[in-house]
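Hello,

Here is the structure I said I would pass on. My notes on it follow below.

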Amino acid sequence: MKILYVASEAYPLVKTGGLGDVAGSLPPALQALGHEVRLLLPAYRSVLDRLGAQVHTRTHLGLHDARVRILETELPGTALTVWLVDAPACFDRPGNPYLDAHGQPWPDNAHRFAVLARTAVAIARDRAGLDWTPDLVHTNDWQTGLVPALLSLESERPRQVFTIHNLAYQGLFPAHTFRDLALPPFLESMHALEFHGQLSFIKGGLVFADHLTTVSPTYAREIQTPEYGCGLEGVLQARSAHLSGILNGIDTRTWDPATDPHLPHRYDARSLDLRRRNKAHLQREMGLEVSPRPMLVGMVGRLVEQKGIDVVLEALPRLLQWPLQFVILGSGDPGFERSLSRLAAKHPHRMAVHIGYDEALAHRIEGSADVFLMPSRFEPCGLNQMYSLRYGALPVVRATGGLADTVVDATPEWITARTADGFSFTPPTVEALVHALDRAHCTRRSPKLWQVLQRTGMAQDFSWERSARAYARLYARLLDASPSG
Ligand code: ADP
C-alpha cells in the first residue's frame with residue numbers, strides 16, 4: 001500500500017509530545033512491513049537547521065495564497081522518505097511549532113496549518129509534481145484536520161484515516177477564519193467544520209475521514225461520553241461504527257535499559273539489582289539523600305491539569321511525611337512549576353524538581369525510580385507508563401485511556417494470574433492516589449513479589465511492529481471496502 005502520513009511533528013526532527021513519538025515511529029514501522037510510506041511535515045526552522053545539507057528540493061507548488069517548496073530528506077536513523085513543506089512565512093521562525101515565546105498560540109496558526117493541509121491535498125491528488133499517488137492518507141490531530149475536509153471536495157480521493165492523539169486540542173479559530181482561509185461555504189456548517197460559532201480544525205478529521213482511530217481502545221470509548229468528549233461526544237457517537245483504538249508502540253531501541261546510553265548502569269530483567277546503582281546516581285545528581293531505602297517516585301511529563309499535577313500537589317504534603325522521595329521532570333503551567341519548585345526547596349533531600357525538557361534525565365528517571373506516577377485525568381495512550389514497564393519502574397496510574405489498557409493492577413487476583421505489573425486507581429482524588437501509592441509502598445516490602453511485577457512488565461510487547469500491523473490491517477480493510485463516494 002502507498003501511504004501518505006501527515007503530521008505536525010515527528011521525532012527526532014521535532015517533538016513536543018506523544019504525537020511526535022508516534023509520527024517518528026509508526027511510518028518507519030509500516031515501511032518495514034513492506035508498505036510505501038511518505039511522511040509529510042512542516043519545514044520548521046529547527047528541522048532545517050538540524051538537517052543542514054541533508055535536504056534537497058523536489059518541487060515547487062503554488063497554493064491559492066502561498067508558494068511552497070517541497071523538500072525531500074530521510075527521517076534520521078531510518079530509510080523513510082520525508083517531505084517537508086517549506087513555506088518560510090509559516091514555518092521559518094524560532095521556538096515551538098505551535099506556541100510563541102510567551103506560550104501563546106502563534107496568531108497565524110490557522111493559516112500555517114491550512115498551508116500544510118493544502119499541500120497534503122495537492123500531493124494526495126498528484127498535483128504536486130511528485131509523481132506519486134497514495135492509496136491512503138493518514139492524518140493526525142487538529143493541525144491536519146483540514147486535509148479530510150478539503151479532500152471531501154474532490155471527486156476522486158484516497159482513503160483516509162484520522163487519528164486523535166488528544167481531543168482536548170481542537171484547533172478552534174474565530175468564525176472569520178472561514179473567509180480568511182477562503183474555505184468553501186459548504187464547510188461552514190455544524191455538519192462540517194463549524195463548532196459553537198467557531199471554526200474547528202479537528203472536526204474536519206472527525207467528520208470527513210473514512211475511519212477514526214484513537215491511540216488506545218479505552219480512550220476510543222471514553223471520548224464518546226460527555227466526561228471525556230470535550231463537547232464533541234455527539235459527533236463521535238455518530239461516527240462510532242468507524243471509530244476504534246490502536247495502542248501506540250514505543251521505540252524499543254531508544255527505550256531499552258540494556259543498551260540505553262543515558263543510564264550509568266545498564267540492566268535487563270536478569271540484572272535488576274543494577275537499578276539500585278542508577279538510583280544512587282540519580283539521588284546524587286538531584287541532591288537527594290543517597291539511600292536505597294526510600295521508595296523513589298518518578299514523574300516525567302507536561303505539568304498541566306490533564307496529568308493530574310493539581311492532585312499530586314495536594315497530596316504531596318501528606319506523602320512527604322512518608323519515607324518517599326520524588327523526582328519530577330517537566331514543564332508546563334507556570335503556577336504548577338512554581339508550586340512544585342517551592343515544595344522541593346522546602347524538602348531538598350526528599351523532593352527534586354527539574355523544570356525543562358531533558359530527554360537524558362527522563363531516561364535516568366525511568367532507569368532508577370521504584371515507581372513511576374501518572375495520575376492523569378485523561379490519557380489518550382500515554383508513553384511514559386510503557387517506558388516504565390519496560391524499565392522496571394512500576395507504574396502507579398489512574399485507570400483511564402491507555403493507562404487502563406497497559407497497566408494491570410496488582411490485585412490479589414491479577415498477582416495470582418501473573419499478569420499484574422503496576423498499581424492503578426480510579427477516582428481522580430488525593431485519597432485514591434495516596435491509597436495506590438500506599439499499596440505500592442507495602443508491596444515493596446516483598447522484594448520477590450516486586451521483582452515478579454517488574455519482570456511481568458518488562459516482558460510485555462509494546463513494539464511498533466505490533467501497532468503497525470494493526471494499522472496495516474485497518475488500511476487493508478478500508479481499501480477493500482467499496483468507495484463511500
Ligand atoms: P503527552 O503526549 O500527553 O505529553 P505522553 O506520555 O504520551 O504524553 O508522551 C510524552 C512524551 O514526551 C514522552 O516521550 C515523555 O517522555 C516526553 N516528555 C514530556 N515532558 C518531558 C520532559 N520535560 N523532558 C523529557 N521528556 C519529556
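**Notes on the fold and the rings**

Strand β1 (residues 2-6), helix α1 (residues 18-32) and strand β2 form a right-handed β-α-β unit; right-handed means that, with the strands pointing away from the viewer, the path from the first strand over the helix to the second runs clockwise. Helices (H or I, at least four residues) and strands (E, at least two) are DSSP runs, numbered from the N terminus.

This is a predicted model: local features need pLDDT of at least 70 and side-chain atom pairs pLDDT 80 or more, while totals for chains, interfaces and linings use all residues. Residues are numbered from 1 along each chain as its sequence is written, and side-chain values use heavy atoms, without hydrogens and water.

Strand β2 (residues 36-42) is largely enclosed by the rest of the structure, because six of its seven residues are buried (under 20% relative accessible area, 1.4 Å probe, protein chains only). β2 runs parallel to β1, joined by five bridges, and Leu-4 has Arg-38 as its bridge partner in β2. β2 also pairs with strand β5 (residues 81-86) in the parallel sense, over five bridges; here Leu-40 is partnered by Trp-83. Strands count as paired if DSSP finds at least two bridges between them.

There are 13 aromatic pairs (Phe, Tyr or six-membered Trp ring centres within 6.5 Å; planes under 30 degrees apart are stacked, over 60 edge-to-face, the rest tilted). One of them is Tyr-44 with Phe-91, edge-to-face at 5.7 Å centre to centre and 80 degrees between the planes. Tyr-44 is buried at 4% relative accessibility, and Phe-91 is buried at 1%.

Regards

How values were computed: Buried < 20%, exposed > 50% of the residue type's maximum accessible area, 1.4 Å probe, protein only.
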